[in-house]
Amino acid sequence: MLKVVNRLKPASRTLVFAACLAAASACTPVFKNHGYIPPPEDLAEIKVGVDTRDSVIEAVGAPSSSGVVRDSGFYYVRSRVRHYGPKKPEVVSRELVAISFDDRGVVRNIERFGLEDGIVVPLDRRITESTIQGQGFIRQLLGNIGNFNPANIPGASQQ
């Protein structure tokens with residue numbers, strides 16, 4: 001292999017080296033962080049039974065989301081996802097801090113959950129379904145035949 005590389009011209013050697021470097025860097029995992037959870041020292045400032053919703057927001061910031069049942073709690077979520085080449089992205093860690101309140105809006109409990117606890121915290125996004133999922137490109141294209149009306153083109157003059 002070295003004999004072949006030594007026979008190449010300097011420009012070709014540089015090109016081969018750059019291609020090898022690009023191939024090696026493509027195999028490097030990329031980590032992406034999503035979300036925010038307050039640091040432990042900020043959470044230590046919150047007093048259970050004393051602080052209210054407003055004082056919690058002032059101390060640690062606004063939550064990622066809040067409870068579905070009429071202001072039941074604040075939830076701070078952070079995820080770390082590993083992307084490795086063409087593989088499906090993998091969630092490496094996920095942490096959730098849940099601050100619950102009583103009926104008066106005073107802090108009742110502060111809990112911390114994560115993947116290492118064995119508790120899976122599924123994050124669900126509601127996505128509007130598309131009406132064209134079962135149709136291929138050609139079917140969509142041919143389905144518009146007969147629906148074309150030149151009068152509907154903006155800027156077209158009607159006589």
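This tour moves from the whole chain to its nonpolar core and then to a patch on its surface.

Begin with the entire protein chain, bearing in mind that the model is predicted. With a surface drawn over the chain, the accessible area comes to about 12,800 Å², of which 57% belongs to carbon and sulfur atoms. Buried residues make up 17% of the 159 residues, and of the contacts with a separation of 6 or more, 46% join residues 24 or more positions apart.

Next, hide the surface and select Ile37, Leu43, Ile46, Val56, Val60, Phe74, Tyr76, Val97, Ile99, Phe101 and Val107, the 11 residues that make up the largest nonpolar core. Helix H4 (53–60), strand S3 (73–83) and strand S4 (90–101) each supply at least two residues of this core, and S4 gives the most, with three.

Within this selection, centre the view on Leu43, which belongs to the core. Neighbours within four places in sequence aside, leucine 43 is in contact with Pro38, Val60, Val97, Ile99, Ile110 and Arg112.

Finally, bring the surface back and select Phe137, Ile138, Leu141, Leu142 and Ile145, which form a nonpolar patch with about 570 Å² of accessible area together. Phenylalanine 137 lies in helix H5, which spans residues 137–143. Is phenylalanine 137 buried or exposed? Phenylalanine 137 counts as exposed because its relative accessible area is 61%, and the cut-off for that term is over 50%.

Conventions:
Residues are numbered from 1 along each chain as its sequence is written. This is a predicted model: local features need pLDDT of at least 70, side-chain atom pairs count only at pLDDT 80 or more; totals for chains, interfaces and linings use all residues. Side-chain values use heavy atoms; hydrogens and water are left out. Patches are made of residues with over 30% relative accessible area and no salt bridge: like charges are joined within 9 Å, nonpolar side chains (Val, Leu, Ile, Met, Phe, Trp, Tyr) within 5 Å. Accessible areas come from the Shrake-Rupley method with a 1.4 Å probe; for residues, only the protein chains shown count as cover. A salt bridge is a side-chain nitrogen of Lys or Arg within 4 Å of a carboxyl oxygen of Asp or Glu. Helices (H or I, at least four residues) and strands (E, at least two) are DSSP runs, numbered from the N terminus. Buried means under 20% relative accessible area, exposed over 50%, partly exposed in between (1.4 Å probe, protein chains only). A nonpolar core is a set of buried Ala, Val, Leu, Ile, Met, Phe, Trp, Tyr and Cys residues joined through side-chain atoms within 4.5 Å. Contact means heavy atoms within 4.5 Å.
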